Amino acid sequence: MFEVFLKEVKELLRDRKTLFFVIALPIVIFPILFALLGFLASKTTFEAEQKVHTYYLANADLFPEFAQMLFYHKSFKPYEGDEQFDSIDALKAAVKAGKIDVGIEIPKQQDKQVSVSPEQAVWHVVFNDAQSINFVYKRLEKLINKYAAGIRSATLEALGAPKAHHSAILKPITITKVDTADIRENYGEKLGALIPYMLIPLVLMGASYPAIDLGAGEKERGTLETLLLTPVTRTQLVLGKFLTILASSIACALVTVSSMAIWISIAGGIGVLDTIKDAFSSVTFADFMLIFALLLPVAVMLSSLVLAISIYARSFKEAQNYMGPLSMLVFVPIVVSVMPNMSLNTTTAWIPITNVSLAIKEIIKGTVDYSAVMMIFVASALLAGALLMFCIRWFSKESVLFR
């Protein structure tokens with residue numbers, strides 16, 4: 001078995017393409033991803049913050065004070081065309097046509113006397129809210145609220161309320177939020193779910209490339225028959241190939257976790273990606289080792305599965321075609337782990353891959369339940385053992401080897 005393992009490892013080390021996907025890609029993927037995410041996030045946010053929005057204020061003569069506040073605001077500029085947009089439908093059409101960014105419609109029946117009127121004024125803000133980063137409504141809402149605060153103060157004074165009592169009258173109760181979650185838990189909840197998206201597919205990738213070559217590749221080259229004639233049992237032969245694939249997958253997982261830890265440390269040291277730095281600032285070396293340990297049974301499961309698929313395939317190309325749907329199937333339990341209200345408990349700890357994804361998120365948050373982690377190791381070990389036994393029996397079938 002170990003002779004087969006050493007032989008396959010030597011051949012694997014000679015394959016530059018496999019080495020790139022197993023070692024080089026995990027090393028460079030994290031700095032590229034972090035740098036790209038940080039650059040795009042900062043660029044889009046900066047552009048959204050600096051953008052000056054073109055507005056049109058319908059019936060501006062009813063509230064000249066507000067029109068003046070809006071005119072001198074640094075983030076807004078008035079529409080300079082000759083067209084008139086005096087209705088909500090006209091403002092909608094103007095926004096859709098790109099003539100203005102936002103329109104404010106003040107109904108004509110409302111006037112300055114609204115401050116002493118018992119009726120509530122209704123202003124309509126027309127804009128496109130489909131953009132994920134859009135400051136136009138928040139800025140306009142803040143400006144309108146500031147103007148409305150002046151109207152409220154004038155109304156209260158007209159009603160005889162002392163100015164010192166205005167705050168208590170308008171807001172008799174204030175709420176102060178006391179969050180029991182620390183910074184790590186808050187950021188870990190948001191970012192921890194993304195880590196399995198990077199780690200588990202890379203573990204699969206580390207197993208897929210050598211598995212295709214060791215199974216379907218042997219068939220295509222015609223060297224499988226030669227291996228079967230050697231004085232090695234089929235169980236030893238498949239275990240040797242399995243250990244080679246597992247070593248490749250574990251190496252990919254180890255390089256991936258190490259790369260993640262190193263680049264997060266570098267990002268925190270140079271003061272970039274503050275959100276990621278805050279989320280991982282409390283993640284210790286032991287936490288990273290636990291993440292790596294959780295990936296080991298996943299690597300065993302995926303190594304057994306891809307080797308069985310490769311043995312079944314007639315050719316290298318056919319094996320590659322099977323790996324595509326397998327990748328999609330691996331993503332499904334990862335997606336399940338990020339669904340609302342999904343948490344690590346005695347039930348989810350038995351769901352393959354989903355349990356590992358949830359555990360990784362809990363580790364990043366710093367709230368992991370180690371009893372659930374033990375259940376994950378038991379469940380993963382049982383499934384990994386079953387898949388390995390299936391792979392061994394699969395390799396023993398002549399109808400599979402010589403399809």
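Predicted model: local features only at pLDDT ≥ 70, side-chain atom pairs only at ≥ 80, totals over all residues.
Okay, hi everyone. Let me start with the overall picture. The protein has 16 helices and four strands. It runs to 403 residues, and 41% of those count as buried. If you take contacts between residues at least 6 apart in sequence, 75% of them join residues at least 24 apart.

Now, strand 1. Please find residues 53-58. How many of the six residues of strand 1 are buried? Six of six, so the strand is mostly covered, going by the under-20% cut-off for buried. And that goes for both faces: His 53, Tyr 55 and Leu 57 are buried on one side, and Thr 54, Tyr 56 and Ala 58 are buried on the other.

What does strand 1 pair with? It runs parallel to strand 2, with three bridges joining the two. It also pairs with strand 3, again in the parallel sense, over four bridges. In strand 2 it stands opposite Pro 78, and in strand 3 its bridge partner is Val 102. To get from strand 1 to strand 2, the chain passes through helix 3, and that β-α-β crossover is right-handed.

Let's stay with Tyr 55 and move on to the aromatics. There are 15 aromatic pairs in the structure. One of them is Tyr 55 with Phe 76, an edge-to-face pair with the centres 6.4 Å apart and 80° between the planes. The two partners are 21 residues apart and come from distant parts of the chain, with Tyr 55 in strand 1 and Phe 76 in strand 2, residues 76-78. Buried or exposed? Tyr 55 has 6% relative accessibility, so it counts as buried. Phe 76 counts as buried too, at 3% relative accessibility.

Here's a second pair to look at: Phe 66 and Trp 123. Their ring centres are 5.0 Å apart and the planes sit at 65°, so this pair is edge-to-face. It links distant parts of the chain as well, this time 57 residues apart: Phe 66 is in helix 3, residues 64-71, while Trp 123 is in the loop between strand 3 and strand 4. Phe 66 is buried, with 0% relative accessibility. Trp 123 comes out at 19%, and because the cut-off for buried is under 20%, it is buried as well.

You'll find Ser 310 in helix 12, which covers residues 285-312. Its relative accessible area is 0%, so Ser 310 is buried. What is Ser 310 in contact with, leaving aside neighbours within four places in sequence? The list is Ala 211, Ile 212, Gly 215 and Ala 216.

Key. Residues numbered from 1 in each chain as written. Heavy atoms only, no water. Phe/Tyr/Trp six-rings, centres within 6.5 Å; stacked < 30°, edge-to-face > 60°. Buried < 20%, exposed > 50% of the residue type's maximum accessible area, 1.4 Å probe, protein only. Contact = heavy atoms within 4.5 Å. Pairing = 2+ DSSP bridges. Right-handed = clockwise from strand over helix to strand, strands pointing away.
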